Amino acid sequence: MYVLNRDTGESLFPIEERPVPTEALPGEIPWPTQKYPLKPAPLTRQFLTEADITTRTPEAHAFVFKRFQETRSGNKFIPPSKEGTLVFGLGGGAEWGGSAVDEQGILYQNANEMVWDVQMEEFKRQKSQPLSGETLYLDHCSICHGSERKGNGVEYPDLRNVKAKYSPQQVMQILQTGRGRMPSFQHVPEKTRLAIVNFLLGINKPIPPDPHDSKPTVTNVDTPPPPPYVNTGWKRFLDPDGYPATKPPWGTLNAIDLNTGEYLWRVPLGEFPELTKKGLPITGTESYGGPLVTAGGLVFIAATKDERFRAFDKETGKVVWEYQLPAGGFATPMTYVMHGKQYVVLAVGGVKNGHKPGGYYLAFSL
């Protein structure tokens, strides 16, 4: 976290420039240093060590330790490699839900402690065509679905047999409008989208020109050459039972005094009820959606994998209320006053990361 003077952009706390690893894939030249703010301390662990490996069960430890030995890990800025790199932060730390700040300058932030297994592979071009749908797929889609179109079975679906489920027109429509967490690719020229559809469905035929397409035409010259290396897909580093590969916490809620740069408290956010029943301390979970702080001293946040909505005492970090939602509340709450009564409202959409769908707005009165 960086705390800057809003008028000048200068940091209010010291920042150090430190050397970072530069051993990278051929053709890449990583910058040799990165900035490290000394305050506030990082929201999460910054690199994976052997001491961080899960001890939840002997089998889980052995499985994770084997992968740990096979890959590179260490500094969070270590470049990706063919061997694989275990790294915090790709989908972790503070997420897109935002933070909350009260009038005293205390910032409340949820953070994910998730390790990702990033592996690169050499791309061997198998065919050539005027508009290489294969190359365009790698350019636009492989970051989520992987170079082999396998996805990860949850938020990124397997596309290898997509033709058994969708027609060309349906796939084209999904690319144009998006679906669920997948964004629209309407900004991409139609010819490019057609080339990707043809590649996904195994259709080998010329792509007809569209006189109504106002976007630049993609030609052989415009089509990027195949990248020498591609990402095999977004993969969380999990144990054999699907839990994070590290020791808890796996998700936290934090209160940071921006006046001093010091943490006032840090508590686990979210739980796996089945692990709690076995006697494990509350672990925290991944969370997507931010907090809301009220003048009355409460911090409201949903966002967690256990689909609960909680209120914390902003002074102590203790849970003072919680509610089991009908689906995942992966959103940031809002509050307002009407006729002298204060309300808190949350969008409960569910769906994300394999959760059941929701489709509700829930309103609570204080």
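Biologist: Take a salt bridge as a side-chain nitrogen of Lys or Arg within 4 Å of a carboxyl oxygen of Asp or Glu. How many salt bridges does that rule give?

Modeller: The count comes to 20 salt bridges. This is a predicted model, so local features need pLDDT of at least 70 and side-chain atom pairs count only at pLDDT 80 or more, while totals for chains, interfaces and linings use all residues. Residues are numbered from 1 along each chain as its sequence is written, and side-chain values use heavy atoms, with hydrogens and water left out.

Biologist: Overall picture first. How many helices and strands are there in the protein?

Modeller: The protein has 6 helices and 17 strands. These are DSSP runs numbered from the N terminus (helices: H or I, at least four residues; strands: E, at least two). The C-alpha trace spans about 65 × 55 × 50 Å along its principal axes.

Biologist: What percentage of the residues count as buried?

Modeller: Of the 366 residues, 44% do. Buried means under 20% relative accessible area, exposed over 50%, and partly exposed in between (1.4 Å probe, protein chains only).

Biologist: And what share of the contacts joins residues at least 24 apart?

Modeller: It is 56%, taken among contacts between residues at least 6 apart in sequence. Contact means heavy atoms within 4.5 Å.

Biologist: On to helix 1. What span should its 13 residues have?

Modeller: Helix 1 covers residues 58-70, and at 1.5 Å a residue it should span 18 Å. The expected span is 1.5 Å times one less than the number of residues. The end C-alpha atoms are 19 Å apart, which agrees.

Biologist: Which residues of helix 1 are buried?

Modeller: Ala60, Val64, Arg67 and Phe68.

Biologist: What do the buried residues of helix 1 pack against?

Modeller: Strand 3 (85-88) and strand 6 (115-118). The face turned away from the buried side carries the exposed residues Pro58, Glu59, Lys66 and Gln69.

Biologist: Which residue does lysine 66 pair with in a salt bridge?

Modeller: Glutamate 70, with the closest N and O atoms 2.5 Å apart. Lysine 66 is exposed at 51% relative accessibility. Glutamate 70 is partly exposed at 40%.

Biologist: What about glutamate 122, which side chain does it meet?

Modeller: Lysine 82, in a salt bridge of 4.0 Å, N to O. Glutamate 122 lies in strand 7 (residues 120-122) and lysine 82 in the loop between helix 1 and strand 3, so the pair ties together parts that are 40 residues apart in sequence. Glutamate 122 is partly exposed at 45%, and lysine 82 is partly exposed at 39%.

Biologist: Now glutamate 271. Which arginine does it bridge to?

Modeller: Arginine 308, at 2.6 Å between the closest N and O atoms. Glutamate 271 sits in the loop between strand 10 (262-268) and helix 6 (273-277), and arginine 308 in strand 13 (residues 308-313), so to speak distant parts of the chain, 37 residues apart.

Biologist: Glutamate 271: buried or exposed?

Modeller: Buried, at 11% relative accessibility. Arginine 308 is buried too, at 16%. Salt bridges with shared partners join Glu271, Asp306, Arg308, Arg310 and Glu322 into one network.

Biologist: Switching to alanine 111. Where is its place?

Modeller: In strand 5 (residues 106-112). Alanine 111 is buried, at 0% relative accessibility.

Biologist: Which residues is alanine 111 in contact with, leaving aside neighbours within four places in sequence?

Modeller: Leu43, Thr44, Gly93, Ala94, Gly251, Thr252 and Asn254. The C-alpha atoms of alanine 111 and glycine 284 are 9.8 Å apart, with 173 residues along the chain between those positions.

Biologist: How many cavities of 30 Å³ or more are found?

Modeller: The search of the whole structure finds 2. The largest has a volume of about 60 Å³, and its lining is Glu286, Tyr288, Lys305, Phe330, Lys352, Asn353 and His355.

Note on methods. On a 1 Å grid over the protein atoms alone, a cavity is a set of points where a 1.4 Å probe fits but cannot get out, and a pocket is an open set with protein on both sides within 12 Å along at least five of seven lines; lining residues have an atom within 4 Å of a point. Grid points are joined across faces, edges and corners, and a volume is the space filled by probe spheres set on the points.
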